[in-house]
Amino acid sequence: MILGGSADANRLVGALARDPRINAVLSYAGRTENPTKPPIPCRIGGFGGVQGLVDYLRSERIDRVVDATHPFAAQMSAHAVEACAAAGVPLLALDRAPWQKQRGDHWIEVDTMEQAVAALGATPRRVFLGIGRQQLELFAAAPQHSYLVRLVDAPRAPLPLPQVEIVVGRGPFTRANDGAMLRRFGAELVVAKNAGGEATVAKIEAARDLGLPVVMVRRPATPPRPTVTSVIEVLDWLDQAVAPMERGV
Ligand code: NAP
């Protein structure tokens with residue numbers, strides 16, 4: 001089973017769809033309204049906590065789990081560590097490296113989104129929020145700023161921010177387009193999560209091009225678990241499981 005919800009998971013699933021030896025199922029939380037249709041079977045929705053996941057692993061006779069969730073999906077990752085240990089199922093995390101600060105970057109690094117809100121300061125600013133939907137409410141505590149918010153789905157209800165413009169879009173994004181978007185809005189600051197990877201790095205590069213500060217939220221901690229950073233390493237790990245089965249071991 002692949003725990004998905006990230007660009008890496010989509011790449012992995014694409015590779016698995018071409019391997020007839022592996023009977024894979026993709027699991028995602030179901031937060032996105034119109035997810036890209038995966039090329040392998042999938043299940044949608046939470047498991048009901050650690051015990052629910054243990055039960056699922058047992059009832060579906062899952063041999064291996066790959067945690068390819070987004071680096072900020074800390075609860076799912078912690079549950080996977082606990083449940084796989086309890087059910088005796090080997091777990092591997094596919095976790096891309098975080099972005100590193102480069103020459104020309106002005107990052108204000110914080111540990112939580114609450115700290116990111118505080119880091120915007122008291123003076124009204126024009127702020128781009130490239131952080132997804134889940135923590136937007138926190139910015140209601142700083143209503144003096146004007147926000148440009150990028151979301152995968154248009155919100156069904158008005159956002160709790162008095163001065164807000166919404167742009168709907170799904171990555172991968174390009175540096176040129178993100179630069180144009182930030183210039184048009186007159187952004188003075190960018191707020192981002194240090195997701196790493198290629199799909200959403202354009203806003204960081206565009207901020208660098210424009211000399212804009214980035215309030216960068218560091219990753220949440222996850223319990224220790226075997227981890228690789230590339231799809232090819234996951235395929236190798238799965239191969240190690242498949243090869244003995246093919247030999248009847
Ligand atoms: P989270 O806080 O770690 O997880 C909350 C709960 O959602 C989990 O306990 C689990 O419910 C369910 N869940 C999460 N991922 C799941 C999966 N792949 N399959 C089945 N259930 C899942 O996660 P989140 O931050 O809300 O993220 C939700 C999904 O969006 C993840 O799949 C993640 O990869 C994706 N995503 C997250 C972010 C982000 O910034 N957090 C960004 C892009 C994509 P139960 O306890 O009931 O099992």
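How many of the 6 residues of β8 are buried? I began with this strand and record here what I looked up.

**Entry 1: the model.** I note that this is a predicted model, in which local features need pLDDT of at least 70, side-chain atom pairs count only at pLDDT 80 or more, and totals for chains, interfaces and linings use all residues. Residues are numbered from 1 along each chain as its sequence is written, and side-chain values use heavy atoms, with hydrogens and water left out.

**Entry 2: strand β8.** I found that 6 of the 6 residues of β8 are buried, so the strand is largely enclosed by the rest of the structure. Buried stands for under 20% relative accessible area, exposed for over 50%, and partly exposed for values in between (1.4 Å probe, protein chains only). Helices (H or I, at least four residues) and strands (E, at least two) are DSSP runs, numbered from the N terminus. Ser-146, Leu-148 and Arg-150 point one way from β8, while Tyr-147, Val-149 and Leu-151 point the other way.

**Entry 3: the sheet.** I looked up the strand order of the open sheet of 6 strands and read β6-β11-β10-β7-β8-β9, with parallel pairing. Its edge strands, β6 (106-110) and β9 (164-168), each pair on one side only. The twist averages 20° from one strand to the next. Two strands count as paired if DSSP finds at least two bridges between them. β7 (residues 126-130) and β8 (residues 146-151) pair in the parallel sense over 4 bridges. In β8, Ser-146 is the bridge partner of Arg-126, and Val-149 is that of Leu-129. β8 and β9 pair in the parallel sense over 5 bridges, and Leu-148 stands opposite Glu-165 in β9.

**Entry 4: helix α2.** I asked which residues of α2 (residues 49-59) are buried. They are Val-50, Gly-52, Leu-53, Val-54, Tyr-56 and Leu-57. These buried residues pack against β3 (42-44), β4 (65-67) and α3 (74-87), where contact means heavy atoms within 4.5 Å. Arg-61, whose phi is positive, near 50°, follows α2.

**Entry 5: Arg-96.** I located Arg-96 in the loop between β5 (91-94) and β6. Arg-96 is buried, with a relative accessible area of 12%. Its side chain reaches the backbone oxygen of Gly-196 at 3.2 Å. Beyond its neighbours within four places in sequence, Arg-96 is in contact with residues including Ser-6, Asp-8, His-70, Gly-197 and Arg-219.

**Entry 6: Ser-27.** I placed Ser-27 in strand β2 (residues 26-28). Ser-27 counts as buried, at 4% relative accessibility. A polar contact of 2.7 Å joins the side chains of Ser-27 and Arg-43. Such a contact is a pair of N or O atoms within 3.5 Å; within protein, one must be able to donate a hydrogen and the other to accept it, and residues adjacent in sequence count only if both atoms are side-chain atoms. Not counting residues up to four places away in sequence, Ser-27 touches Met-1, Ile-2, Leu-3, Gly-4, Arg-43 and Phe-47.

How values were computed. Axes fitted to C-alpha atoms, helices over the stretch in contact; angles between N-to-C directions.
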